[in-house]
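Subject: Structure handover

Hi,

My notes on what turned up in it follow below.

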Amino acid sequence: MSLPKGLAEDVAKNLVMVARLIDEDPEGAYGYSKVALRLASRVAAVREAAGFAAYASQKYSEALAEFRAARRMTGGVDLWPVMADCERGLGRPEKALDMAGAPEVQKLDKPGQVEMRLVAAGARRDMGQIEASIVTLQGPELASNSMQPWTARLRYAYADALLAAGREGEAREWFAKAIESDKDGSTDASDRLAELDGVAFVDAFVEDDDEDETASVTTVTVTDVPAPIESESDTVAEFDDEDDDEDEDEALENGPTPDDADADGDDAPKGASQG
């Protein structure tokens with residue numbers, strides 16, 4: 001609402017594409033988010049969307065900067081857990097644990113507090129503290145029989161931690177519980193349980209031929225993704241001075257954000273995904 005109509009529509013179109021692509025094509029979503037940033041960097045929703053696109057692309061330093069900017073604009077705490085998960089991605093699990101004990105956590109709603117618990121448990125695992133990770137996930141939310149949007153992910157993270165600790169029997173039980181609560185397939189609990197049970201899935205369309213065995217392949221045609229929408233409006237919001245942002249961010253979080261900290265590897269954070 002703070003933008004001229006034509007500019008607002010152009011920004012909105014790019015944000016819609018971010019939402020469409022972020023799960024299947026994170027880099028594509030990231031490209032659209034950069035266009036939205038060029039058009040309206042002073043809008044909190046744009047900074048937040050850019051943060052999630054960078055986060056999905058494992059550009060954790062950039063994601064953290066955008067989340068901090070959005071938080072500064074709104075004054076809210078909703079992004080606190082994903083900011084802590086970015087610290088994990090940057091190889092700073094101790095910082096994530098510090099954030100898990102900060103006063104901001106008490107201001108989070110129940111889903112936010114569960115998310116923070118998942119991030120903290122992940123940070124413990126990053127530090128090799130498997131048993132501490134298991135204890136971190138234990139609580140009334142885990143023991144509850146009520147089904148909440150976060151129930152499947154919490155149970156999955158607990159099962160995964162138990163398995164890492166060598167407690168296979170308990171892990172199997174909790175993977176099964178995760179399946180019960182995972183109505184939308186947000187985890188691969190069924191695959192993990194099948195693996196524990198020694199079940200192997202075979203392509204039913206494999207043809208047994210003496211000379212060659214060829215699996216049937218389904219070809220999916222994907223509609224071409226449109227190019228990022230640049231504004232045709234004469235009015236384009238100026239991009240914020242990032243140096244000022246970084247100075248305020250460092251004061252806010254009591255620690256510098258490395259410029260070159262794009263994290264990759266098997267230990268990439270899953271707090272916003274699976275712990």
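The protein chain has an average pLDDT of 82, with 72% of the residues scoring at least 70; pLDDT is the predictor's confidence in each residue, from 0 to 100. Contact here means heavy atoms within 4.5 Å.

Some housekeeping: this is a predicted model, so local features need pLDDT of at least 70 and side-chain atom pairs count only at pLDDT 80 or more, while totals for chains, interfaces and linings use all residues. Residues are numbered from 1 along each chain as its sequence is written, and side-chain values use heavy atoms, with hydrogens and water left out.

Overall picture

The protein chain has 13 helices and 0 strands (DSSP runs numbered from the N terminus, with helices being H or I of at least four residues and strands E of at least two). Of its 275 residues, 42% are buried (under 20% relative accessible area; exposed is over 50% and partly exposed in between, with a 1.4 Å probe and protein chains only). Among contacts between residues at least 6 apart in sequence, 64% join residues at least 24 apart.

The cores

The largest nonpolar core has 32 residues, and those touching the most other members are Tyr 55, Phe 67, Trp 80, Met 83, Cys 86 and Met 116. By nonpolar core I mean a set of buried Ala, Val, Leu, Ile, Met, Phe, Trp, Tyr and Cys residues joined through side-chain atoms within 4.5 Å. Two or more residues come from each of α1 (5-21), α2 (26-39), α3, α4, α5 (80-89), α6 (93-100) and α7 (110-126). Beyond four places in sequence, Cys 86 is in contact with Tyr 55, Tyr 60, Ala 63, Leu 64 and Phe 67. Another core, of 20 residues, lies apart from the largest one and includes Val 114, Tyr 156, Trp 174 and Ala 189.

Rings and charges

The whole structure holds 4 aromatic pairs (Phe, Tyr or Trp rings, the six-membered one for Trp, with centres within 6.5 Å; planes under 30 degrees apart are stacked, over 60 edge-to-face, the rest tilted). Tyr 55 and Tyr 60 form one that is edge-to-face, because their planes stand at 75 degrees with ring centres 5.8 Å apart. Both of these tyrosines are buried. Tyr 158 and Trp 174 are edge-to-face too, with centres 5.0 Å apart and planes at 90 degrees. That pair links distant parts of the chain, from helix α10 (residues 151-164) to helix α11, 16 residues apart. Tyr 158 is buried at 6% relative accessible area, and Trp 174 is buried at 13%.

What sits over the ring of Trp 174? The charged end of Lys 177 does, 4.0 Å from the ring centre (the rule is NZ of Lys or CZ of Arg within 6 Å of the centre and within 35 degrees of the ring normal). Lys 177 belongs to helix α11 (residues 168-181) and is partly exposed at 26%. Likewise, Lys 59 lies over the face of Tyr 30, 4.5 Å from the ring centre.

One backbone detail

Most residues other than glycine have a negative phi. Gln 58, however, has a positive phi near 65 degrees. Gln 58 lies in the loop between α3 (44-56) and α4 (60-74), and is partly exposed at 26%.
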